[in-house]
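Here are my notebook entries from a first walk through this structure. Have the picture open and follow along with me.

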Amino acid sequence: MNRILRLLHFPVLLLIIVSCQRQSPKGILTGVSTGVEEFILREMADKKLPSLSIAIVNGSNKWSAGYGYTDLEGTRRATSETVYRVGSVSKLFTDIGIMQLEESGLLDPDAPVTTYLPDFQPENPFGKEITLRQLMSHRAGLVREPPVGHYFDPTEPDLASTVASLNNTRLVHEPESKIKYSNAGIAVVGRVLEKLQGKPFADYLKTAVLDPLGMYG
């Protein structure tokens, strides 16, 4: 276990631990949690992480804990109930929403995205259309952050404004030629969901994805 803890990055580690638990005898969580806790504390110190919360479940047995502090002053300790920003996990739910529509025959992920968003016109000197599949897999060649609604934008604009601002940008790479992480790309995907379903992105994902999975509220 200790050797695995040293070699693996944390997100991958959790998946392996949960997988192992399914075939492990009852009560093994005690040993696992000890190893995980040692790993967490070492990684937090090394990466200067302010806080971390974790839960491991093995049938009816569960273990959870919080580490570090949730404020810069170091007065509020993290717990197993601490809520964190969902961040890029939301990209997966956005993609699920798109693939649900594909399964229903309502869109083609390999069609030019302008089929669904005619006004999406970033400068593209390469002569190759951008598709939804490229946007979802970070292969569209878009900039990482949109001018409006970027990662540090405090104004919280709607998706329409965010996507419109990309018309003032130029593709960094030819579509399909390279993988380049892009928050801008997934914003375009979310806007497609809004346009096709005629409702705000968050409302649609709640109804179509989160509620059926019991993940809302």
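**Entry 1: Overall picture**

I began with contacts (heavy atoms within 4.5 Å): among those in the protein with a separation of 6 or more, 61% join residues 24 or more positions apart. I kept in mind that this is a predicted model, where local features need pLDDT of at least 70, side-chain atom pairs count only at pLDDT 80 or more, and totals for chains, interfaces and linings use all residues. Residues are numbered from 1 along each chain as its sequence is written, and side-chain values use heavy atoms, with hydrogens and water left out.

I looked up the elements next and found 8 helices and 2 strands. These are DSSP runs numbered from the N terminus, with helices (H or I) of at least four residues and strands (E) of at least two. Along the sequence I read the pattern α-α-α-β-β-α-α-α-α-α. Of the 217 residues, 36% count as buried, meaning under 20% relative accessible area with a 1.4 Å probe and protein chains only.

**Entry 2: Confidence**

I checked pLDDT, the predictor's confidence in each residue from 0 to 100. The protein has a mean of 85, and 84% of its residues reach 70 or more. Which element has the lowest mean pLDDT? I found that helix H1 (residues 2-7) does, at 35, while helix H5 (residues 132-136) has the highest, at 97. The pLDDT is below 50 over residues 1-26, and this stretch has 30 contacts in the model beyond near neighbours in sequence.

**Entry 3: The hairpin**

I followed strand S1 (residues 51-58) into strand S2 (residues 61-68) and saw antiparallel pairing over 8 bridges; strands pair if DSSP finds at least two bridges between them. Asn58 has Asn61 in S2 as its bridge partner. The two strands form a hairpin with 2 residues between them, and Gly59 in the turn has a positive phi of about 65°.

**Entry 4: Helix H8 and its partners**

How do H4 and H8 lie relative to each other? The axes of helix H4 (residues 89-103) and helix H8 (residues 201-210) come within 10 Å and cross at roughly 70°. Axes here are lines fitted to C-alpha atoms, for helices over the stretch in contact, and angles run from 0 to 180 degrees between N-to-C directions. H4 and H8 are therefore roughly perpendicular, the word used for 65 to 115 degrees. On the H4 side I noted contact residues including Phe93, Ile96 and Leu101, and on the H8 side Phe201, Tyr204 and Leu205 are among them. By class, this contact has 9 nonpolar, 3 polar and no charged residues. Ala, Val, Leu, Ile, Met, Phe, Trp, Tyr, Cys and Pro count as nonpolar, Asp, Glu, Lys and Arg as charged, and the others, Gly among them, as polar.

I then turned to helix H7 (residues 183-197), which packs with H8 at about 80°, their axes 9 Å apart. The contact uses Gly190, Leu193, Glu194 and Gln197 of H7 with Phe201, Tyr204 and Leu205 of H8. I listed 4 nonpolar, 2 polar and 1 charged residues there.

Is Glu194 buried or exposed? Glu194 is buried, at a relative accessible area of 14%. Leaving aside neighbours within four places in sequence, Glu194 is in contact with Leu159, Lys199, Pro200 and Phe201. Its C-alpha atom is 7.5 Å from that of Tyr204, 10 residues apart along the chain.

Asn183, also in H7, counts as buried at 13% relative accessibility. Not counting residues up to four places away, Asn183 touches Ser88, Lys91, Arg144, Glu145 and Tyr151.

Technical notes:
Angles under 35 degrees count as roughly parallel, over 145 as roughly antiparallel, 65 to 115 as roughly perpendicular and the rest as oblique. Buried means under 20% relative accessible area, exposed over 50%, partly exposed in between (1.4 Å probe, protein chains only).
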